[in-house]
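Morning, everyone. I have one model to go through today, and I will keep it short. Please look at the screen.

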Amino acid sequence: MLIEKNAASLKMNESFTLRYRNDIYFGSNILEDSLREVMKVLKCRRVLIITGKKSAKISGALDRTVKVLQELNIDYEHVDYVLPNPSLSIAEQVLDRCISYKPETIIAIGGGSVIDTAKVVSAAYFSNMRIIDIFRGEQPKGKIPLVAVNLTHGSGTEADRYAVITDESTRIKKGLASEVFYPTYSIDDPTLTLTLPRNQTAYTSIDALYHCIESSSSIMSSPFTRVLAVDSMFKIFEYLPRAYIDGSDLEARYWLLYASLLGGICIDNSRTHIVHAVEHAISGLRPDIPHGLGLAVIGPRLIGYVYSKVPDKFLIFREFIPDLKLRSDEHRRVEFFLKYVSEQYGVEPRLSSLGLGKDDIKQIVRLTIESSSHLLALCPCKITEEDIEKILFELV
Ligand SMILES: [Fe+2]
């Protein structure tokens with residue numbers, strides 16, 4: 001019965017290529033054909049495959065990729081040690097491997113952490129730089145071709161110019177931006193997300209949700225971003241409960257991956273602001289905290305606060321809370337709406353649920369200012385260090 005259901009979904013789900021800043025191949029079971037096409041265009045003979053420890057294997061993406069490379073007689077080496085919330089030192093190690101192997105193309109198979117690491121490695125290798133140079137603000141001159149095989153429906157990194165890296169010595173987690181960070185080609189195949197564990201299913205889609213909420217309310221928002229954000233949010237609210245209950249629901253995975261892609265294009269155009277700024281500080285301090293979980297904990301209160309100051313910037317919420325009048329005194333309704341989303345997926349929106357207490361707040365605020373002032377500047381209302389500190393104390 002399940003196979004029949006999936007087969008029906010496969011017929012219903014369209015495959016397409018989105019010509020954005022790069023070519024993004026999208027559709028169920030398109031991995032092999034897309035990869036064959038891309039490898040032939042690139043005419044490459046040596047590939048460095050970058051993955052994390054498990055998901056590339058568990059999803060089947062690694063085997064499926066290797067099979068295509070073998071069929072095309074392409075040599076490859078594989079590094080499999082990128083961790084979540086990727087660190088500068090691991091990216092430097094991958095770069096060293098790249099320098100010794102001298103690949104013509106990099107294939108990144110993973111979620112945001114793996115693809116972001118591959119973005120900085122391909123750029124640093126081409127530009128004869130170290131990762132730390134890029135981290136300190138030097139712009140790379142180009143990159144070797146990068147093919148991103150995406151395994152999660154959250155980061156949107158397959159469609160954007162950002163790479164988020166943490167310097168573990170200072171705990172500073174930065175969203176680096178460069179025109180060269182767009183992967184040369186991206187592959188979004190929902191069949192590769194069917195094995196995402198239940199908690200990652202929720203956290204990654206909550207990441208996409210906050211990409212939509214923040215990009216559509218930042219000072220860089222536009223009608224284009226808002227229409228994409230609303231479509232993405234509708235799909236997350238409709239299909240996340242289904243994928244959370246039944247991870248093998250391919251139709252739900254298809255639309256969540258599509259929603260995440262739209263979220264990536266939203267942040268590429270209009271960025272994020274307060275929630276991502278503070279979350280980068282939290283997961284910089286505690287790399288064991290998944291990014292989407294951090295967002296689910298702090299997002300409701302922070303967005304509620306911004307809504308209380310500039311409710312008219314949140315027109316998109318009217319699509320989901322129809323009688324919202326966009327008045328300051330409704331900020332608790334917006335906060336409760338987002339709290340309900342977090343709680344639905346087992347997240348208690350309190351810092352204590354992450355093992356963080358009052359003693360950590362000064363450091364979180366300091367790291368927010370040091371690493372993400374550029375994002376705070378995109379918040380549609382003025383928000384001070386003291387404001388952030390007060391909100392975080394209320395969230396303990
Ligand atoms: Fe994010």
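How many Å separate the centres of domain 1 and domain 2, taken over C-alpha atoms? Over C-alpha atoms, those two centres are 25 Å apart. Keep in mind that this is a predicted model. The domain assignment puts domain 1 at residues 9-192 and domain 2 at 197-395.

Now the contact between them. On the domain 1 side, 29 residues are in contact with 32 residues of domain 2. Which elements supply at least two residues each to the side of domain 1 that touches domain 2? Those are helix H1, residues 2-12, strand S2, residues 23-26, and strand S8, residues 172-177. S8 gives the most, with four residues. Sorted by class, that side of domain 1 has 14 polar, eight nonpolar and seven charged residues.

Next, strand S3, which covers residues 46-52. Is S3 largely enclosed or largely open? Six of its seven residues are buried, so S3 is largely enclosed by the rest of the structure.

As for the pairing of S3, one partner is strand S4, residues 75-82, in the parallel sense and over six bridges. In that pairing, Leu48 stands opposite Glu77 of S4. S3 also pairs with strand S5, residues 105-110, again in the parallel sense, over five bridges. There, Ile50 has Ala108 of S5 as its bridge partner.

Key. Residues numbered from 1 in each chain as written. Predicted model: local features only at pLDDT ≥ 70, side-chain atom pairs only at ≥ 80, totals over all residues. Domains from an automatic or database assignment. Contact = placed C-beta atoms within 7 Å. Nonpolar A, V, L, I, M, F, W, Y, C, P; charged D, E, K, R; others polar. Buried ≥ 20, exposed ≤ 12 C-beta atoms within 10 Å, placed from the backbone. Pairing = 2+ DSSP bridges.
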